Amino acid sequence: MQNNTMSIRTVKNGTQWTIREGYESILDKINLDNFSSVLNERPYELIKENKVRSVISIPGSDINKNGIYIKYFKRGGYSDYVKYLFVPTRTRTEWEVGNALLSNDINTALPLATAEKRRYGMLESSLLVTEAVTNSEPLMEYCQANYEGALSGEKENEKNKLLDKLAGFVRDIHEKGFCHYDLHAGNILMKFKDNPPHSAHDYDLYLMDLHSVKILKKVSNRKRLYNLAQIFNSLSSILTESDKLDFLRSYGSNAISNIKDENELLGQIESQSSRIRNIHYRSRFKRCLKESSAFSKKRVEDMKIFFRKGYDTNSLAGLIKRHHNALVNDDRTAIIKRDTKTALTRLHFQGNAISNVVVKQYKITCGLCLCKNIFLASAGKKAWVAGNGLSVYGLNTPELLALIEEKMFGITTDSYLIMEEVRDRLEMDRYILKKFHNQLEATSCKGKGINQSGQKSRPVTSSYERGILKYYVSDTTASAHPQVGEREEVNKSNETPLDTEQLHQPQRGKITRKRTFINDLAKTMGKMHNHNIYHHDLKTCNIMVKEEQNKTFNFTFLDFDKVSFEEEITIRKRVKNLTQMNLSTPRIFTITDRLRFLKEYLRQCSIIDEKKEILREIINLSKTEKILYVSSNGDITEDW
């Protein structure tokens, strides 16, 4: 690899340049005062752009046959004026670190030139030019494309060799005194030595995005743990517990001298990784309140609008007038819900792929609520942040288009959340009635040890579970199998249309489908709690369901104004959510189904040892209540 560290310093048009020897032509081809001119009549790819930085790739450039990467940093805020009077700029840091890495035989992109434009000593703009790393792919993208899910023996061997090589690469970086404070798999490139299709056996690893790298005399144990946690967090979708232990062995557990036990070391890294993940998520979901790549904000008359980019603010503001007109005219075709605190309307909206939107109004009902809005976020703003926060964590919600707050003397009065209408989905309680109604006899009989002829068969539940069932119902057989008259009464009140396609599905397929539904629901709820997300009203009517083509189930959460992001989901909060689900799920889901759901949920949350305590609390809270859910014919109550 070329590593000529000889460089030339020069000033041109008030811009200070540092150029690698042999690339002096850059001075004539790039003008920092008119950066866009470098792109004229040249093919290029815009890799990234935001308010302060543009990253551009120019393939096969006349500057370098492999092509070049240009990082252009625009003028930042006033804090940058002061900051870069005392510390090196990002481009200067990348130039120096890049050369230091290459001098220590650590692969990175070859720095070609850096430039800084200052005015009265204060930074106006800066630029870095590097050689393009051709025939390469980010490590994170490669791993996600090739090593997620079940793997063949050959693929498993490939993954193990890659992780072994990565561990050695990270160890080499640390041993040579470099610490990358943003060391995730997206900042490591795999450069393949052959042409596509890429070979998984012949590649080198390159360290990128060097402005976060520090050159130290010695990398401390704490910094090593932090870097390993970053790597594990970024590759969490492909790493098993065994992979992580193998990675630590390849890295060399003796390199972290204060910890001798591998499992203790892994536990500390996992804890650090969890903290990194939460910080990352929380910084992302607050972007909906700022000017960012996806969101913007604007004032229109006496309204403040936070909106997703790509939507016209005048059209969004016009929805509020239409919403009020529907309420004034009592338009039953548009009004979904109306009470003292909220009002929901469904309105037509022509934008992108969305045809209808739902406008949810949060009303100010008293002077105390108005006073609260002086110091606290409005109900609409909490919902806007929470809804976008759920999306950041990978949980499904309707797409949020905008939050509009009406202001009076600078104080928020009413607020409006505008979201897409959820289509092709049903509320979970109605979905269960429609899709699983025809499975009542089969699953109930199987769960209670009674065959379809009405005779008792060998029990399928454990003695512990049979004992627990007594807390749910006083007469298990009678409750699981109501008399004909009782069942007819329930069916008559639950006029949700049945799915006729399911009536002709083989019995084994019906049971498998129902168990898949239960497992997918448990995984989704476990994922929510594992991210310390708490829904204060987690009833089945607030969860929408869709069955995907691959026979898995997709769950969308509603009423996210009642969602909070907790420091920790306690046992009490878990029990409350589980009880809310239990009391709002139609009795078509048997005791066995509910126990199966609970077991899978506890396994997802790694608290299976708490099963008895949690189950006892759910029973105590549930046994004195009736089941209450919503069907197409209104609210339905059922005894256990």
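Tutor: Buried means under 20% relative accessible area, exposed means over 50%, and partly exposed is in between, using a 1.4 Å probe and protein chains only. Helices (H or I, at least four residues) and strands (E, at least two) are DSSP runs, numbered from the N terminus. This is a predicted model, where local features need pLDDT of at least 70, side-chain atom pairs count only at pLDDT 80 or more, and totals for chains, interfaces and linings use all residues. Residues are numbered from 1 along each chain as its sequence is written, and side-chain values use heavy atoms, with hydrogens and water left out.

Student: Okay, which residues are buried in α12?
Tutor: They are M428, D429, Y431, I432, L433, K435 and F436. Helix α12 spans residues 428-436, and with 7 of its 9 residues buried it is mostly covered.

Student: And what about strand β19, how many of its residues are buried?
Tutor: In β19 (residues 411-420), 8 of the 10 residues are buried, so this strand is largely enclosed by the rest of the structure.

Student: Which strands pair with β19?
Tutor: Two strands pair if DSSP finds at least two bridges between them. Strand β17 (residues 354-362) pairs with β19 in the antiparallel sense over 6 bridges, and β18 (residues 400-408) pairs with β19, also antiparallel, over 7 bridges.

Student: What stands opposite S415?
Tutor: Y362 stands opposite S415, and E405 stands opposite S415 too.

Student: How many residues lie between β18 and β19?
Tutor: There are 2 residues between them, and the two strands form a hairpin. In the turn, F409 has a positive phi of about 55 degrees.

Student: New topic! How many salt bridges does the structure hold?
Tutor: It holds 33. A salt bridge here is a side-chain nitrogen of Lys or Arg within 4 Å of a carboxyl oxygen of Asp or Glu.

Student: Which residue forms a salt bridge with E116?
Tutor: That is R118, with the closest N and O atoms 3.5 Å apart. E116 counts as buried because its relative accessibility is 14%, while R118, at 30%, counts as partly exposed.

Student: What does E175 meet in salt bridges?
Tutor: E175 meets R171 at 3.0 Å, N to O. R171 and E175 are 4 residues apart in helix α5 (residues 153-175), so about one helical turn separates them. The side chain of E175 also meets R224 in a salt bridge, again 3.0 Å from N to O. That pair links distant parts of the chain, with E175 in α5 and R224 in helix α6 (residues 221-234), 49 residues apart.

Student: Is R224 buried or exposed?
Tutor: R224 is buried, because its relative accessibility is 5%. E175 is partly exposed, with a relative accessible area of 45%.

Student: Which residues are linked in a network of salt bridges?
Tutor: K360, D537, K539, D559, D561 and K562 are linked in one.

Student: Last one: where does R299 lie, and is R299 buried or exposed?
Tutor: R299 lies in strand β13 (residues 295-300). R299 counts as exposed because its relative accessibility is 57%.
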